[in-house]
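Open the model in your viewer and keep the selection tool ready.

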Amino acid sequence: MCRHDLWSGWMFYFVIFIQTAINTGVGIGAILLAGECLQIMYSDLFPNGSLKLYEFIAMVTVVMIVLSQLPTFHSLRHINLVSLLLSLGYTFLVVGACINAGFSKNAPPKDYSLESSKSARIFSGFTSISIIAAIFGNGILPEIQATLAPPATGKMVKGLLMCYSVIFVTFYSAAVSGYWAFGNESNSNILKSLMPDNGPSLAPTSVIGLAVVFVLLQLFAIGLVYSQVAFEIMEKKSADVKQGLFSKRNLIPRLILRTLYMMFCGFMAAMLPFFGDINGVVGAIGFIPLDFILPMLLYNMTHKPPKTSIIYWTNISIMAVFTGAGFMGAFSSTRKLILDANKFKLFSSDVVD
């Protein structure tokens, strides 16, 4: 199907554009959140310290530049496994800390009310759909990796089942417990809610410190996995397949291209620290088309079901619904990003939710 449809005409550039948007957006978000985690640790140890968020982002970017020199997707398999364990460990710590904070005598007042404006609620709803699409779209990489060697179907199903099981256990348990403990004032980085600016910490320092270490290491893994796809695209033209991975001919362009890519992601993360907004935009213009529109389009193009069949019109209906959701999500996420732009200056030391 890929040879027949993807690599000819406009479809090739459509997929490349979406993949590039996803990879770059996730890379920026991972570096931004990792820098924020370092800032949390630093502010806890040195409350009056002078280091700013963009300085921590620069530190993370340097580490990512070094780690990005791992040459292939296959070389990341052990990092993927460690990332899974770190994700589960971080979730258990955060959920336990949120439950403890919710029952604490120092717990903040909880407000579960929605925005008063109907239009604001609608826009927030579409932004949330985009963010959810970005979360569940994490399964796209197991799909890509599974199709590299036959048989693809069985491995793809196993990879997606594992991915969605981990997403359900981690993302939803942390989101539900955080919203229960802090209401609509919960931060996109729940660790900041557990360490309020005013009042005592709502979780033991050891728990927060361990959670920060877990999520920091996991973010390095996430940034590497998603960036590797962008590296493959860039190096398809720059590399000479007749020479070895570590030959001078391939090593120097790889070092330059990957360094420049990571520097770009780090610069954007430092200049525009919009974590929640970045998730929304990436979900709207990246994951929704790639997960909910493109598969149905390719099925109809490849298998050519009769235009009177249920399958054909089901695919058309899904494409129509999620095209609308993608446009609305992109508009609402961009709108929120523009509104949030009034809350900070370039290279701000605070992440905008």
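Does Phe-123 count as buried or exposed? Phe-123 counts as buried, because its relative accessibility is 19% (buried means under 20% relative accessible area, exposed over 50%, partly exposed in between, with a 1.4 Å probe and protein chains only).

Before going on, note that this is a predicted model, in which local features need pLDDT of at least 70 and side-chain atom pairs count only at pLDDT 80 or more, while totals for chains, interfaces and linings use all residues. Residues are numbered from 1 along each chain as its sequence is written, and side-chain values use heavy atoms, with hydrogens and water left out.

**Ring pairs**

The structure holds nine aromatic pairs. Rings of Phe, Tyr and Trp (its six-membered ring) pair if their centres lie within 6.5 Å; planes under 30 degrees apart count as stacked, over 60 as edge-to-face and the rest as tilted.

Select Phe-123 and Phe-331: their ring centres are 5.6 Å apart and their planes at 45°, so this pair is tilted. Phe-123 lies in helix H5 (residues 118–136) and Phe-331 in helix H12 (residues 310–340), so the pair ties together parts 208 residues apart in sequence. Helices are DSSP runs (H or I, at least four residues), numbered from the N terminus. Phe-331 counts as partly exposed, at 47% relative accessibility.

Next, select Phe-231 and Tyr-261, an edge-to-face pair with 5.6 Å centre to centre and 80° between the planes. Phe-231 is in helix H9 (residues 205–238) and Tyr-261 in helix H10 (residues 248–271), so parts 30 residues apart in sequence are tied together. Phe-231 is buried at 0% relative accessibility, and Tyr-261 is buried at 10%.

Then select Tyr-42, Phe-46 and Phe-56, which ring pairs link into a cluster.

**Charges**

Which residues meet in a salt bridge? Select Lys-192 and Glu-36, whose side chains do so at 3.5 Å, N to O (a side-chain nitrogen of Lys or Arg within 4 Å of a carboxyl oxygen of Asp or Glu). A search of the whole structure finds one salt bridge. Lys-192 is partly exposed, with a relative accessible area of 26%, whereas Glu-36 counts as buried at 1%.

**Surface**

Finish with Phe-92 in helix H4 (residues 77–103). Phe-92 counts as exposed, at 58% relative accessibility.

Definitions and conventions:
Helices (H or I, at least four residues) and strands (E, at least two) are DSSP runs, numbered from the N terminus.
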